[in-house]
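Welcome! Take a moment to look over the sequence and the model below, and then we can walk through some of its features together.

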Amino acid sequence: MNGSGTMAPKKKAKPVRIAHELSRNRRRAIQKALAEHQVEDRAEWDRASDWSDYRFYRKLVKKGTIRTIELPLLEVTIGDPWSTSVTIIHGKRPGPTITILGGMHGDELTGPSACTHLLSTAFTDPEKPLDPETLAGTIRIVPVVNMPGYRSKSRYFPDGRDLNRNFPGNAKGSSTRRVAAQVWRYLVEDSDAIIDLHSAGKGRSNMPQLRVDLAHAGSNILAKAFGIEILLDSKPPKGSLRNHANMEDIPAITYEGGGANWLDQTSVKVAVHGVMNVLRKLKMVPGKPHRPRFRMLASGSTWLRAGEGGLLDLFVDSGSIMKEGDVVARISDPATPGLSVDILAPEDGLMICIATNPFVAAGMPVGHFLPISKHMSLLEEQVDGFGRFITQGSLEEPVWREEEEIEVEVRGEWDGGSVDSGWLEATLEEVNRDDNTEEEA
Ligand SMILES: [Zn+2]
């Protein structure tokens with residue numbers, strides 16, 4: 001209490017950190033990794049140091065310019081070489097090299113869309129955030145890594161393999177392994193940071209979330225800079241890009257938002273917001289990263305599964321905040337009308353992913369649930385009208401939708417004195433004409 005009776009000066013609200021379910025051992029490992037992390041002194045990034053043109057796949061990108069270069073991924077048949085477009089924004093000033101990947105799984109469109117916006121004139125024009133004249137360092141953006149998968153709307157490569165389970169690849173291995181080796185050599189190995197943008201697989205939808213090994217210090221720093229609330233502390237899957245990048249001590253994070261074969265604009269906005277935050281953190285663009293009000297560091301989650309087969313009636317969405325016992329979904333079976341089974345939230349928590357396919361068999365996942373034991377009220381303060389958690393960055397105005405107003409001078413005046421009169425006349429004429437011609441048709 002302030003004894004004088006006057007108002008105490010308003011303190012700036014401190015961001016709250018929630019260590020949710022991280023075991024004590026895990027927390028210790030993370031703290032140790034961060035404490036031991038030496039921020040390398042990279043003299044070559046000093047503003048005054050020499051900075052030259054950039055070479056990618058034998059092609060030159062001049063300082064302060066943007067260039068798109070085709071990176072061949074695999075020799076295939078005539079007219080169908082597997083390749084992908086890599087756009088390089090090579091800043092005028094020295095700085096790190098960051099690689100932003102989309103479409104590693106060909107049917108996940110959040111990454112391709114976010115990358116496309118980042119490469120639009122709304123970002124790259126003079127004086128815009130990614131103007132190469134003012135950028136420090138080099139950004140490599142690959143909207144669609146798995147181009148053959150994208151074209152066939154499939155997660156996989158044409159040989160049926162998952163690119164993101166075949167790293168670091170093998171130049172003499174299977175087709176997908178050869179592609180992985182090429183991606184590794186040209187896009188991963190020399191990266192100072194990697195952001196891999198994904199969506200949920202077929203039949204599911206994710207709320208915006210990051211996957212990161214928080215005990216890898218460089219990745220931990222990237223994940224926090226990204227500036228969203230939900231961080232899943234997870235060891236990456238074997239053979240994934242993130243796994244092998246971390247093994248080589250390359251900071252890498254995976255963003256998840258939306259689902260396969262559709263475009264969730266909220267997830268796209270959050271992805272763009274996060275990438276810009278990371279660029280700020282790396283001092284490649286000016287400004288400070290926007291911090292979320294709190295972070296939820298989660299190490300455990302539960303898949304809610306259907307007890308029986310049938311049709312799924314979902315009561316919730318991805319991002320819905322649940323109280324213990326709330327109905328998540330009801331399953332009814334056309335073979336037994338009148339009978340239904342409810343799936344309930346096992347405890348308080350957050351639906352971070354939901355099924356989008358209403359056909360379920362017994363044992364199929366209906367949702368991915370994050371149980372929350374503490375600080376639930378922080379989440380509840382940040383919900384939309386449908387009880388869904390609002391991720392930081394999702395409410396920002398998408399700058400790529402801003403239109404410029406151009407005044408065009410038109411000679412003449414409205415036909416008949418009013419704006420719509422011409423339209424009305426034309427419509428009436430058509431109606432009359434239709435009446436006359438009906439019998440001939
Ligand atoms: Zn994916």
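This is a predicted model: local features need pLDDT of at least 70, side-chain atom pairs count only at pLDDT 80 or more; totals for chains, interfaces and linings use all residues.

The side chain of K32 meets that of E36 in a salt bridge, at 3.5 Å from N to O. Both belong to helix 1 and sit 4 residues apart, which means about one helical turn separates them.

In one of them, R26 and D213 meet at 2.7 Å, N to O. This pair links distant parts of the chain, 187 residues apart: R26 is in helix 1, while D213 is in the loop between strand 9 and helix 6. R26 and D213 are both buried, and they join D233 and K235 in a network of salt bridges.

## The zinc site

Which residues hold the zinc ion? It is coordinated by H105, E108 and H198, at 2.0 to 2.5 Å. The site is irregular, with angles of 56 to 151 degrees among its 4 donor atoms. E108 lies in the loop between strand 6 and helix 2 and H198 in strand 8, so the two tie together parts 90 residues apart in sequence. Both E108 and H198 are buried.

## The nonpolar cores

The largest nonpolar core has 40 residues, and I98, I100 and L279 are among those with the most contacts inside it. Helix 8 gives this core its largest share, 8 residues. Apart from it lies another core of 30 residues, including L73 and V183.

Technical notes: Residues are numbered from 1 along each chain as its sequence is written. Side-chain values use heavy atoms; hydrogens and water are left out. A nonpolar core is a set of buried Ala, Val, Leu, Ile, Met, Phe, Trp, Tyr and Cys residues joined through side-chain atoms within 4.5 Å. Buried means under 20% relative accessible area, exposed over 50%, partly exposed in between (1.4 Å probe, protein chains only). Donors are N, O and S atoms within 2.8 Å of the metal (3.2 Å for Na, K and Ca); water is not among the atoms, so sites may look incomplete. Four donors count as tetrahedral if all angles lie between 85 and 135 degrees; four count as square planar and six as octahedral if opposite donors are over 155 degrees apart and all others between 65 and 115; anything else is irregular. A salt bridge is a side-chain nitrogen of Lys or Arg within 4 Å of a carboxyl oxygen of Asp or Glu.
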